[in-house]
Every structure is written in C-alpha cells, then in structure tokens.
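Here's a quick briefing for anyone opening this structure for the first time. Have a look at the sequence and the model, then read on.

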Amino acid sequence: MLDVGRHPNINLMAYSEVEKVEGSAGCFKVRVRRKARYVDEDKCTGCGACREKCPTDVLDLYNEGHSTRKAIYSWFAQGIPSTHTIDPDHCRVLQGKKCGICQKKCEAGAIDFEQKDTIVDLEIGAIIAANGYTIFDPGKIAEYRYNDLPNVVTAVEFERFLSASGPTHGHIDRPSDIAVRMKIEELAKEENKLLKMLARFEEKHGKKTAEFYKTYTPGETDPEMVQWASRYEEYLPVKNRLLELQKKAETFTTAKRLAFIQCVGSRDLRYYPFCSSYCCMHSIKEAIIAHEHENATTSVIFGMDIRAVGKGFDEYKVRGGNKSNISYRRSRVAEIINGPNDNPVLVYEDTQKQIVKREEFDLVILATACAPAQGMKELSKILDIEINRFGFFKTSPENPLDTTREGIFVCGCAHSPMDIPESVAQASSAASRAVQTVTVTPEKLLKIS
Amino acid sequence: MKKKSGENTEQLRVGVFICDCGSNIAGHLDCKSVTEYASTLPGVVYAKENLYTCSESGIGEIQNAIKENKLNRVVVASCSPRTHHPLFASSCAQAGMNPYLFEMVNIRDQCSWVHMGKRDIATAKAMDLVRMGVAKSTTLEPQSEIESSLVRKILVIGGGIAGLSAAEALAGMGLEVILVEKEEKFGGLMLDLNLLDSGASAEQQVFELAAKVMTTSGITALTASKVTQITGYIGNFQVAIATPGGKIDAKVGCIVVASGAIPLIQEGLFGHNGKNVITQMELEKRLKDGSFKAGRVVMIQCVGARNQTREYCSRICCATAVKNSMIIKRKYPLAGVHVLYRDMQMYGDVKEQMLWDARGMGIQFDVYDPKRPPVVSDGKVVFHHAVLGETKEFPCDLVVLSTPLVARPDAPEVAALMRIPSDKNGFFLEAHAKLRPLDFAADGIFVCGSARYPVTSIEARTQGMGVASRIGAILFKDKLVKSSIVAEIDAETCVGCMGCLNVCPYDAISFNRQTNVCEVKEILCKGCGNCASTCPSHSAILRGYKPEQLLAQIRAI
C-alpha cells in the first residue's frame, strides 16, 4: 500500500466514486466524485491530535463494531493516504451543533468544515474494476442465530479479535464476557455516583447510611430522610448486581473451545450457490493463530469439504490438525442454540453413528460467503458491463480479465471469489491487459488501415 | 565505487531536525531539550525543532538550512525510515546535498511510543538516539545511484498456454519476445486434452493462440528448441538457444519460466494398467479420439497425491473428473459414473456450479476414507465410505485415476540454468507465496503456469498475462536505477573463502577464478548485509553500514 501511495505514476483517489464513464477503449472520459473529507489532504499529516480530543464516539466498523472510533478518524492505523476524515453523520459541527475542538487542536490547520465534494474529469485509456466483495450477512440464516447469540461471530470479527491492534488486543475474549465487563464498568460508575450522594447525607447527619436505614420507617415525613432512604434503596440493587457480575467475571477466561462453521451463505441454494474459495484456509489460519496465542485452544472445523486448494495449502491443513489441535468434521451444522454460560451449542449429525449430536463451545466462528460487492449493479450500469449469473462481472474463459466492454477489465473478487495469491496474479494480468489496450502495435495499425 | 573526495579538507557541517510529529513525539518527550542538546553535539552547526518535519514547511526548512548553513550532513529524528526516509533523502538531494549523506533517527516508534508516560526516560533516550545518528552521519560517504541498461526483449521458456499467453501479452505491450518450446508443436498439455470446462476444444483453443503468437511481429517463436545457457542479470541476460537450425545467441532483459508440469502416470498405482484402469489424462485421449467405451465408470480422486510421499493437492483434478464425468454422462446417459473423493475441490463460482450440475445429471459422489483407500480389483472397486462408516463395493468396467500434475523431470535443468529455487515437490518457488506469486526472488526472472503449482488453463492464461505487466514495469523504463546501498568486497583482503557466496540470497556474488576473490554484482545486490556479517576477513562491507559507521554509532551510546 505504501509503495502504491508513493509511486510517482499513481494518482491515488481514496474516498472517491466513479459517477460516469463515456467514450471507448483508449479514450474514456471518467467523472469521479471526490467526497468531502472536511480535512485538507495536503495539510493533514495524520498525527491524530484531532482524533484524541474529539468528543464523539462512533462504532468502529473497521473493528466490526466491537470498539469505538471518533467522529474524526482514519479507517485504520496504516491506511494510505494517512489523512483523517470527518464522519459527517456524527460530527457535532456538521450536525449543526457546537464543537470544533478538532479545528482548534489541528496545528497543521487542515480541518475545513466548509469543504464540498469535488468533481474530477479524467481522460483514461483503460479501466480495471477491482471493487472486491461484501461479506454475507449471516443474520439471514435463522438457524444460526447470529443476531441473538453473543458468542457467534463472523470470521472477520474473529480476525479483529485475533489482531494485536484489535478490540481485545489479540486476546480471544468472548463478546458475552466483554458485554458483562462493560456492564460492570457502567454499574461501577453508577455505584460511585450514588455512593457520593449517600456520603453527602452521611456527612450532614453524622451517621452511616446503613445505621440510618435500620431505624428508618416507611411512614417517615421528613423529605430529606425520604430522599436519603430512596437513594439507598436505589443503591442496594446496583451494589448487589455489581457484586454478582464481578463474581461472575472472576470466572471468565478467554475462549478455548472454538467451532468454525464453513459455507455460511455459500454452497447454499438459498443464498449463494458458489464456493467462496478462501474461507477454508481462512478458518484454518484463524484456528492456528488462536492456538499460537493460547496453547490450550482446540478448534473444530465443520465443513462439507475442506478446500485447501493452493500451493502448500493442504500441507498447512494437515499441519493445523497435527500441531494446532484442529479437528475437521465433515458435517453441515443444523442449528446453534444457547447453552449455559452463553456457550453456543451446535446441533449436527454424526453421520457414521447416524445420531444427532449436541456439542458445546466457547465461541463459534461463521465462515461467511464472499458475496458480490454492494453497488455491483450500479457500477455495472456506470461502466456499461454485464454481470454473470452469480452476481460478479462477466468474463469469458478465453479472456478471463476482459469484461463485456472493450477496455474495461476486472480482477480479484469482483471477478469471482478467490484468495490473495490468485487476486495478486489476476491484478498483474489486468494491468497487462490495460497496457495492451493503450499500446500501439503493428498488428493494431494493420487492423485500422 | 566513488571514494569520498577531500576527506580531510571538508569540514563537517551537520544539521539536525527534531520532529514533534504533532503530539506523537512532543507529547511524550521534551523535543525542545533534545534540540538544544543536539546543537551541542560535535559537528552540528544547526539544530531545529519542527512541528512536522515531513510537512511542506518542514521540508522547506531543511532545504533552506542546507543552502544557508552549507550543511553537508542532515539528520532527521522523527518516525520510521520505512515510510519517510525516501522523502527526506530526495528533499536533501533537491537542495544540492548528496542523498546518501542523510541519516534518519526513529524517536517515535522506537522511543516516544514505547515509553509513553515516562517523559524523562524518553527524552534521555531520544538524546542518545540523536547522538548516535549524528555520530553515524559524520562517517557517511557520498554515493551515486547505480544505473544499468535494459534490453527490451524477453525470453519465454515453454510454449504451453501460460508461455503463449505471456508472449501474446508482452508483444501486445510492444515488447520483443523469444518464445522457446522444447517439443515440435506449441500447446503443451492442452494438446492432449479433450474439451475444456466451457465445452470448447482445448486443442483448438491453444492452436488458435499459437497461430496468433507465431504470426505476431516481435515474437520469435521457436519449436523443437532448448535454452542451453543463461548468464548475466536483470536487463542484460545472455542466452544461448539450441534450435534445429543451429545455435542462437541473444540478449534479453527478462526471462519467463513457463515450463509446465506433467500428469503422474505410475504403473501399478491403484492397479493402473493403461487398459481398464487408466488416468484422467488417458481418459481425455480416449474421449478425444472416440475410443472411450464403458458402461460403469468409477473415478478415484487423490491417487498419488495428498499422501505421505506427495503431500500437496494438485488443485485441478477434481474439476477434471467432474468435467469428464459430465462429458461421459452427456454422451451416454445410461452410463453409471461414480466419483470417489476425499474433498471435492470445486472452488469458486463456475466449478461449484459444475458440481451442482453434475449431481443433477445423476453422477454419484462418495467420500472415501484416506486411511482405508479404495481397492481396485477386477471388475469392482471396494472402499470404506467415510460419511456412512460402511464398506461399499461398486462394480465397474473402467476405473479412472485422478493423478496429480507433478514437476517435470527436466525442471532441475531449467532451474540450474538460472539458479532459481524449487520447493520440495520440484515446483518452482516464487518470491512470496501471497504477494509476489509470479516473481522469483532473483530480479528479472518470472514464473507462470503449472511450473509453479498446478493450475487450470484459465489460471495459466491469467498468470501468463500477469508476468507481462511485471516485466513491463521494469522494461518500460529507460534504464535500471537502484540504490547505492549495496555490498562491496575489497579484492586486496578477500581470501576467496566463498563464505559470502553461500549466504547471498540473491546470487549477487560470484567467485573470480582468475583473481581468486569474490566479487559483487552491484545490480543484483539488495543490500541485505549477509555477506558483510559473514566475511571472516572483513573484506565484504555494506555501503552506508560499514563497520566504522556502525561503530561510530555504537561508541556514541
């Protein structure tokens, strides 16, 4: 990314969208909308002083909503360009309220609340669509209860949990436990507030609250005493709930029994019939890393086939089984139900014994499908290219990078689901097709004349 | 290499710039004291604190200071050299200072960020780091970039679908190509295949491509020819090719290895006899020439693959089995076709759809247990069903074994020509499994198709076209320019032990038999320093990191 950002021949237009494409191969006219960042890219040095002081917390979608970011943010730490952006939906100033702290904090003078979208018209020889994919929403599969069970997460959420810079700093804390810890924090704050109030009464009347309450009778008429008592009555359940949760939290450990469910949304006629290609390896990789973090971790990968198709992949799969406590179970999980302690319980068939089994895990990871990117249809209209039966851009086996319009090429998961090395190789091929479009060769000259 | 001129007469004038990085550095250590301290260091004539040294104003200050204070060394203490060294060094060059006299100190990632909340300690450490940087800078020597010419011609080894696609794309980009095929005809494995997944004739498709390549101007297409020798390096390889018409010598700038792979045929494996127990490749031939005849076919996957001796999955055989099953079933709807598999590797959209369609056509798929593989005997296949846990038996009159593609027996010869690495399965080893799948670690040499790892014809074609742009990025430039931070070997002190030769990962060192010393090919050297740290006589050094330069830094601690 850094190399691309620094390359003299690459004009990187992040936070921008293509709106119109006219012309033909070799001489396209492309209109690009550069969305207002409310931050001057040339002035911003990416120092992050604005972010530190911004008072508005927003769910951080880079961390799949498991942490918060500020209304002025950079998508992730190493992002290129390193400039920040103001989220207009949440920024106080852009929502018409008072704030402007970031502007005061920015020593580079880069904040510009008046910034508007700009339109750029470009003359382009060839176009490559590399607009990627969307992660399938597993909430659509009712039997997996993704929206209800806290300890059922997607593979990408789990990726963030495993990351040292992620919401749990690389520890595999369970979402249900994180929620309890957050609740404890919240209750502790409330308790503190109530204790302060009670302390004021105690100071005024020179009596401990507990002593006062022993002698307090409900018929009391002194409003001050009634208030003291009611505060105490408010305090008691908070304290008890807090003690209860704290006790519960003492037993929390990181997730050690992991289950991975493959083909969530893929190879499923209800959603996407295709195989998403990379998820088997992704699950194996996540299971191996989880085991590296914590040697007591065991993982079960539930799948129809384990498609370790790629150089060194099958070897990696076998190694995961031998050295990283991974077992591979050939089964399509029928249902996930909630077990004790928020442990998800998988219901599946042991085909060999021909019985239905229930197995409890600490955390379940769903290997979600590689769905066609959002906005695929709109983009196909703008580019005037066709979409295939699976929802990806249409190509032919003879010319696997060429879309249905000359001079427009496709690579990566906009072409079909694929893994990193495939995408990289395809990207190089798309580049060579693009160069061929703009290169004049004797054969082309012959054709014209 | 250029020696520092006027070493004794030149007076050192070091300028030090301390970056606050907003609050990233200044928030955790006292940049003002560090700047004041820097100005007291020997050789330092100018020290300045910047809010952001990398901002336009910061760069401007460096450039002005170089001119006004006649600085001949610049030290910036800020963030990571990985991200900012090129910017600062080139800015110094713009102001007239040799960019190799620039030194960078990381007081953010390696100081303020790791000692947050310990202001005194962080400040003291920053001072130490700056002192070390300044000490090193005083020993730096000016260098000039290494330049080399480029021959805009490419040698492609192998005329299968990958090599043909590479040649087509390279010529389409306006580059000259020499395409060398060992066999009499272009086309490789595709010539032996029947139909492709799409239903098109494999031979026809590759034939059309070969015809196009042979008539494209700029492509010298050689069949029945063999590359016999390759010397030189990126931009300037000398190659010798033996052709039926005699030996050809040529100069090329880059090389593409597209030498392919071959299907495993092993007599006796699962009862293979070439008659009623055959491989998928043999089935392709029978389907193609019309000699296929069978009513009950059993196909067995992963024969000779994914086992102790050959651990890898050959990627393409499941799709081949499904494709051929469907061809049989389409032609002979009453034929029974059973596929015994371990995992159906029908990755992606089109292949998985084929699997759905094949099931719909009545082709049966059953999982076998690899611990108890199918046993082929006369007229039947017995296997243990891994899902049902039962032993099953299928009568059949033809058994088709899906064997893997394996490395060509002559692959080591090709590897030896360029000294390129192979993996334990004999396939060529790319520079980076994920991010550089088409490159070799050695500059100017690329790989595509099944020579790297088994691929489908579409993937081979994609990769062939892919190497073309990798090469274009090199050969479209006027010349090769690279950093001067490379190794050099002192011919006077080198004893010719060749220790460096063995640790050089880029093949940049060679042994000169006339002078009995080792020599560095600067254009190939990547400046890793392995040789410098290995050399027992301290003859190998890395420019910019010479012992005296590093010692100056260490002594300043």
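## What packs against helix α10 of chain A

In chain A, the buried residues of α10 pack against β1, β8 (127-129), β18 (370-372) and β19 (408-410). Helices (H or I, at least four residues) and strands (E, at least two) are DSSP runs, numbered from the N terminus. Packing here goes by contact, which is when the C-beta atoms of two residues, placed from the backbone, lie within 7 Å.

This is a predicted model: local features need pLDDT of at least 70, side-chain atom pairs count only at pLDDT 80 or more, and totals for chains, interfaces and linings use all residues. Residues are numbered from 1 along each chain as its sequence is written, while chains are lettered from A and ligands numbered from 1 in the order in which they are written.

**A closer look at α10(A)**

- Helix α10 (residues 376-383) of chain A has A:Met376, A:Ser380 and A:Leu383 as its buried residues; buried means 20 or more other C-beta atoms within 10 Å of the residue's own, exposed means 12 or fewer, and partly exposed is in between, with C-beta atoms placed from the backbone.
- Look down the axis of α10(A) and its buried residues fall within an arc of 70 degrees, so they line one face of the helix; the arc is that of the directions from the helix axis to the C-beta atoms.
- Turned away from that buried side is a face with the exposed residues A:Lys377, A:Glu378 and A:Lys381.
- Just after the helix, A:Asp384 has a positive phi of about 60 degrees.

**The sheet with β1(A)**

- Three strands of chain A make an open, antiparallel sheet in the order β1-β2-β7; strands pair if DSSP finds at least two bridges between them.
- At the edges sit β1 (16-24) and β7 (118-124) of chain A, each pairing on one side only.
- β1(A) pairs with β2 (residues 27-34) of chain A in the antiparallel sense over eight bridges.
- A:Glu22 has A:Lys29 in β2(A) as its bridge partner.

**Where chain B meets chain A**

- Between the chains, 56 residues of chain B are in contact with 50 residues of chain A.
- On chain B's side, α12(B) gives the most, with 10 residues.

**Domains of chain B**

- Chain B splits into domain 1 (14-143), domain 2 (153-262 + 406-475), domain 3 (265-403) and domain 4 (484-549); these bounds come from an automatic or database domain assignment.
- The centres of domain 1 and domain 3 of chain B, taken over C-alpha atoms, are 67 Å apart.
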